Structures are given as structure tokens and as C-alpha cells.
Amino acid sequence: MDEAKALAALRKILAQPAHPGRDAAAHILFNLATPEALRALKDVDPAGLSDGTRKSLTALRGRPALVAPSSKPAASREL
């Protein structure tokens with residue numbers, strides 16, 4: 001399926017508080033990880049979502065935990 005069409009369909013699912021596929025739609029958008037998908041997730045009402053999905057949405061809306069660079073590399077490129 002075209003990504004743009006999938007995004008539109010997933011947004012419709014997420015907009016329906018009683019839809020049984022809301023959690024799955026949110027997880028698909030998390031995995032899609034495009035700017036459009038992340039913007040769509042920021043607009044989602046967390047009511048009715050599972051605890052794990054709500055926590056993920058809260059983290060996304062706040063300050064997402066990103067991988068921090070190491071202060072010293074564990075391996076060297078020198079032979």
C-alpha cells in the first residue's frame with residue numbers, strides 16, 4: 001500500500017476512540033517513523049489506548065529518549 005494512503009487510513013482509525021485497531025494503528029505509525037507519522041501521533045487523543053501506547057505517546061510529545069553518542073568509541077578504526 002502507498003505510504004500516503006496508509007497514513008490517511010491510520011489517522012482515521014486513530015481518530016475513532018472506540019475503534020478496536022487504535023493501538024495497532026499507533027504502533028504502525030511509531031514504526032513508520034516519518035515526519036508525517038510522528039506529527040499524526042502528536043495529535044492523537046490517548047484516551048482508550050493501552051498503558052504502553054500512552055507512555056510512548058507521552059514520551060514522544062515530551063522529550064523522546066534518543067541514543068546518546070559515546071564519549072569514547074569502544075573500537076578503533078586503526079589496525
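Which helices do the buried residues of helix 2 pack against? They pack against helix 1, helix 3 (35-42) and helix 4 (51-61), and the views below take up these neighbours in turn. The model is a predicted one, in which local features need pLDDT of at least 70 and side-chain atom pairs count only at pLDDT 80 or more, while totals for chains, interfaces and linings use all residues. Residues are numbered from 1 along each chain as its sequence is written, and side-chain values use heavy atoms, with hydrogens and water left out.

**View 1. The buried face of helix 2.**
Helices here are DSSP runs (H or I, at least four residues), numbered from the N terminus. In helix 2, the buried residues are Arg22, Ala25, Ala26 and Leu29, where buried means under 20% relative accessible area, exposed over 50% and partly exposed in between, with a 1.4 Å probe and protein chains only. Seen down the axis of helix 2, these residues fall within an arc of 100 degrees, so they line one face of the helix; the arc is that of the directions from the helix axis to the C-beta atoms. Ala33, which follows helix 2, has a positive phi, near 55 degrees.

**View 2. Helix 1 against helix 2.**
Two packed helices are described by the angle between their axes and the distance between the axes. Helix 1 (residues 3-14) packs on helix 2 (residues 22-32) at an angle of about 140 degrees, and their axes lie 9 Å apart. That angle makes helix 1 oblique to helix 2, since angles under 35 degrees count as roughly parallel, over 145 as roughly antiparallel, 65 to 115 as roughly perpendicular and the rest as oblique. Axes are lines fitted to C-alpha atoms, for helices over the stretch in contact, and angles run from 0 to 180 degrees between N-to-C directions. From helix 1, Glu3, Leu7, Leu10, Ile13 and Leu14 meet Arg22, Ala25, Ala26, Ile28, Leu29 and Leu32 of helix 2, contact being heavy atoms within 4.5 Å. By class, this contact of helix 1 with helix 2 has nine nonpolar, no polar and two charged residues; Ala, Val, Leu, Ile, Met, Phe, Trp, Tyr, Cys and Pro count as nonpolar, Asp, Glu, Lys and Arg as charged, and the others, Gly among them, as polar.

**View 3. Helix 2 against helix 3.**
Helix 2 and helix 3 pack at an angle of about 140 degrees, with 8 Å between their axes, which makes helix 2 oblique to helix 3. Ala26, Leu29, Phe30 and Leu32 of helix 2 make the contact with Ala37, Ala40 and Leu41 of helix 3, and the residues involved divide into seven nonpolar, no polar and no charged. Within helix 3, Ala37, Ala40 and Leu41 are buried, and they cover an arc of only 100 degrees around the axis, which puts them on the same side of helix 3. What covers these buried residues includes helix 1, helix 2 and helix 4.

**View 4. Helix 2 against helix 4.**
The angle between helix 2 and helix 4 is about 40 degrees, and their axes are 11 Å apart, which makes helix 2 oblique to helix 4. Asp23, Ala26, His27 and Phe30 of helix 2 make this contact with Thr53, Ser56, Leu57 and Leu60 of helix 4. The residues of the contact of helix 2 with helix 4 divide into four nonpolar, three polar and one charged.

**View 5. Ala18 in its loop.**
Ala18 lies in the loop between helix 1 and helix 2, and at 76% relative accessibility Ala18 counts as exposed.

Technical notes:
Helix = DSSP H or I, 4+ residues; strand = E, 2+ residues; numbered from the N terminus.
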